[in-house]
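These are my notebook entries on a structure I was asked to look through. I record each item in the order in which I looked it up.

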Amino acid sequence: MLAYLPVLLFVLVGLGFGAVTIGLSTIIVPRRENAVKNSAYECGVEPVGNARGRFSVKFYLVAVLFILFDIEAVFLYPWAVSFHQLGLYGLIEMVLFILILLAGYFYLLKKRALEWE
Amino acid sequence: MSIVPQPTFLALDWWALGPVLALTAGTILLLLLEFLPQRANGNRGGIVSLLTFLASGYAVWRVAGEKRELFGGMFVHDPMTVFFTLLFCAVGVLATLMSWDYLKRTKINQAEYYALLLSSVLGMVVMAASNDLVTVFLGLELMSLALYVMVGFRRSQLESNEASLKYFLLGAFASGFLLYGIALLYGATGSSNLAMIGAFLADTPLATNPMLLMGSLLVFVGFAFKVAAAPFHMWTPDVYEGAPTSVTGFMSAGAKAAGFAALLRVALRALGPVMVDWTQLLAVIAFLTMTVGNVTALLQGNLKRMLAYSSIAHAGYILVAVAAGGPEGASAAVFYLATYSFMNIGAFAVLTMLGKGREERVLMSDLAGLGFREPLLGLALTAFMLSLAGIPPMAGFMGKLYIFGEAVKHPQLLWVVVAGVLNSVVSVYYYLRVTVSLYMKEPEGEPVGISWGAPAVLAIVITLAATLWFGLQAQGLWIQAQNSVMGLL
Amino acid sequence: MAALMQNEAFQVALWAMVKVGIILGVMLGVVSYLIYAERKICGHIQARTGPNRVGPLGLLQPIADVGKLLFKEEFIPAGANKVVFHIAPILAVFPAIVTFSVIPMGPAPMFVVTDINVGLLLFLAMSSLGVYAITLGGWSSNNKYALLGGLRSSAQMISYELALGLSTIPVLLRSGTLSLSGIVDSQAGNLKAFGTTLPLPNWGIFHWYLVLPFFIFLICSFAETNRAPFDLPEAEGELVAGFHTEYSSMKWALFFLGEYMNMIVICSIMVTLYLGGWHGPGVDKFAPLGLVWFLTKLFALLFFFIWVRWTYPRLRYDQLMGFGWKVLLPASIVNVVIAAVWLYWRANA
């Protein structure tokens, strides 16, 4: 586990670096606020409506598909690492697994889930 | 070369795994068939799913007498697996038959429906065959996820969407309970394998270990949700009403049977020592479940809602058998599940035919006078209602007879048996209301149209035959039910 | 004190602290001059000279830029979610810094901070975290451009992350380890093929089944770092500056820093996985030469990134998503299967 200690240090440094930079800048940066300056930027026009409106459901679809295929990748990593130990059984299992997922993928294609328009 | 031992499969194993393989292949095939154009009136989804169910049933029937443990004891092939796999295949066939024309007329005939049906049955098979809490959960999720979607299949109907969402949210909670319970059981006993848990508990009595108690309680809650036992039955009426009628019929039989199959296996193989202490708790839950179901069903004007409450009540009867415990009680439960599946699907198959086009006429008042206009249909529905009410010579009567007969052998369960019999009497009222509507009411307004279809009629004929046969010749099925539980132990 | 010095954990921590200091310092310098290089190269590609006023050849320009950013006025839009608005820029630089802990920049132990056995997974996890900075930054700004830019960008990043992750699988099939040092070690020596030793290094890219993954990884890296031709999130024409429209001063600088740091990290990973890491002629005789080789390859790739940015036009969004999902993803999956079958056949035939 000692090998992970430097990673932990890097995590702390990474968070600390960002936090310190932002903290410093809040101290030294000048602030002359006014209502217009603080309004949301919409190319100089008065902001219309709420910015946190509804957006295309496509983004959710992409997120769900991402989860699906990312899980596939997650299964592939341990298999790939122990590929030579698993032998033919492992190879066939994984090829079947990939084929089933490819079937799902072609189904998505057919259902036009990957089209943007 | 390879360090990991390469597994070998006997020919027997391939047959035993046949249902799983066939259902998986059928699901994928259906999705890929989407690439080919289909004739406007074709129904290849239904054909593929029928063939898949028949193939699965044949595969498991071929090796029915064998016993095998597969995948390191996670999946077992034993008489109970065979019994339930055959039951699920039958339920699948009947669901396909009654969906055949119903889907076409309600304009939701998409191949995905049958793909979901297949994967849902796959989940049920895995649940019934799993000898490990992890595979139980896997099967449960596979079944439920497909059902969530199927419930919402009438996409344009608001109540269908609502039903789907309700079922999904509550089902997700229930899955969470189950999973947490599995984790605690694993923590308490050090294994997720049912046989190992059973062996551990037999050696080291842990009955008062809070982790074990909590774990088994949570697992039970998870199953109770799936089989719609009080107080986890709240979702049932809305979901049954909102779902397409064919789906309601399928899930009321299949999901309940699968839930009980897994519950029985867990109870008998793993938690036997704990269950003994639970008799009274289970009896109370059984009493609550049947009373809530029956009393609420009295007031329903919608047949689907009424059948939903009636399905809660039937879960209560089966829980009495579970409370009675032991192989005998379990056999009674298994017998009841089989008969209940047939009579309930039969009732829903009749409902799928009510109404023309996209309309769904399932109100009590829609039935008025139907018995004279369509004598055969009326007769079939009456027969299913009588069976559900438990009136001889129908199968429902034999089911109740076995359950109460087993339970009454335990003196401490006498009260719940009395309550059960009283409940049956109450239930006769609302089941007979249907008959009264059929034969003694004058139709008001436009009479309900009937969408005849050969597959649905076939489904009704099969279920009717089964309901009568198991009522008159119950011995055969009873022996099978006993064998299935005995083979397990 | 002496006891403390003897403590193994303390020694590891001490060395790591020294290295983290060096890496952070060098990285900040490299990033500043990477920006300078970008502007200079861009200038020459466009037949200009680029920055040339501040200091000789404009070499002091980055320092002037940093100074300017430090003292810029900063404002936070009304209606922004203040907490998230502050967290997002921190998350932008954090993953890049953490990933650097596992990249072997030369022979161990001198040029390796730590060698954990899941180094590649750490990189993938951290590159996924990058999405949070952008989504949260875009969402918290309370600005339509920022929200849309953030959404687009996160959709793009997760789409390309799939192909990116899958294109590393053939490398693992070959190396049999997730440790980045292990992967570098598997690329030592000369290429053996057709029964002989070829006069080519044994780098990943020289194995035929790793050529396609390398290019997929390269393309995905452009998308992961939001660089042209995949810099849709900040398509000036339609979304102003995308997710960081409302950011100013040091917070904006952190996003900028994060982008360039990510570029360096992803190029380092590419060098490690496909280009032999720190291997090169003469490393076995003089270890520090490994660092030189590593940096040479890294800067060559960075130059390539800049070159591409100023050469190719931006894709349309549907083209971008379509390319990721319909070309790169299936190509990388199929490549995994082919590589696995080939490697099995070669090992057993």
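At what angle do helix 9 and helix 11 of chain C pack, and how far apart are their axes? I note at the outset that this is a predicted model, in which local features need pLDDT of at least 70, side-chain atom pairs count only at pLDDT 80 or more, and totals for chains, interfaces and linings use all residues. Residues are numbered from 1 along each chain as its sequence is written, while chains are lettered from A and ligands numbered from 1 in the order in which they are written.

**Entry 1: a helix pair in chain C**

I found that helix 9 (residues 211-224) and helix 11 (residues 249-274) of chain C pack at an angle of about 170°, with their axes 11 Å apart. Helices here are DSSP runs of H or I with at least four residues, strands are runs of E with at least two, and both are numbered from the N terminus. The axes are lines fitted to C-alpha atoms, for helices over the stretch in contact, and angles run from 0 to 180 degrees between N-to-C directions. The angle therefore makes helix 9 of chain C roughly antiparallel to helix 11 of chain C; the label applies to angles over 145 degrees, whereas those under 35 count as roughly parallel, 65 to 115 as roughly perpendicular and the rest as oblique.

I then listed the residues that make the contact (C-beta atoms, placed from the backbone, within 7 Å). Helix 9 of chain C contributes Phe214(C), Phe217(C), Leu218(C), Ser221(C) and Glu224(C), and helix 11 of chain C contributes Ile266(C), Met270(C) and Tyr274(C). By class, I recorded six nonpolar, one polar and one charged residue in this contact. The nonpolar class holds Ala, Val, Leu, Ile, Met, Phe, Trp, Tyr, Cys and Pro, the charged class Asp, Glu, Lys and Arg, and the polar class the others, Gly among them.

**Entry 2: chain C as a whole**

I looked up 13 helices and two strands for chain C. Its radius of gyration is 21 Å, close to the 20 Å that the globule rule gives for 349 residues, so chain C is as compact as a globular protein of that length. The radius is taken over C-alpha atoms, and the rule is 2.2 Å times the number of residues to the power 0.38. The C-alpha atoms of chain C fill a box of roughly 65 × 60 × 45 Å along the principal axes.

Of the 349 residues of chain C, 51% count as buried. A residue is buried if 20 or more other C-beta atoms, placed from the backbone, lie within 10 Å of its own, exposed if 12 or fewer do, and partly exposed in between. Among contacts in chain C between residues at least 6 apart in sequence, I noted that 74% join residues at least 24 apart.

**Entry 3: the hairpin of chain C**

Strand 1 (residues 190-193) and strand 2 (residues 196-201) of chain C pair in the antiparallel sense over three bridges; pairing requires at least two DSSP bridges. Ala193(C) stands opposite Thr196(C), and Lys192(C) has Thr197(C) as its bridge partner. The two strands form a hairpin with two residues between them, and in the turn Phe194(C) has a positive phi of about 55°.

Ala47(C), not a glycine, has a positive phi of about 60° and lies in the loop between helix 2 and helix 3 (61-70) of chain C. Ala47(C) counts as exposed, with 6 C-beta neighbours inside 10 Å. Asn226(C) has phi near 55° and is found in the loop between helix 9 and helix 10 (236-239) of chain C. Asn226(C) is buried, with 23 other C-beta atoms within 10 Å.

**Entry 4: chain C against chain A**

Which helix of chain C gives the most to the side that touches chain A? The contact takes 70 residues from chain C and 55 residues from chain A, and helix 13 of chain C gives the most to its side, with 14 residues. By class, I recorded 47 nonpolar, 13 polar and ten charged residues on the side of chain C.

**Entry 5: cis peptide bonds in chain B**

The bond from Ala230(B) to Pro231(B) is cis, with omega near 0°, and Pro231(B) lies in the loop between helix 9 (210-226) and helix 10 (235-242) of chain B. The bond from Pro392(B) to Pro393(B) is also cis, with omega near 10°.

Notes:
Two residues are in contact if their C-beta atoms, placed from the backbone, lie within 7 Å.
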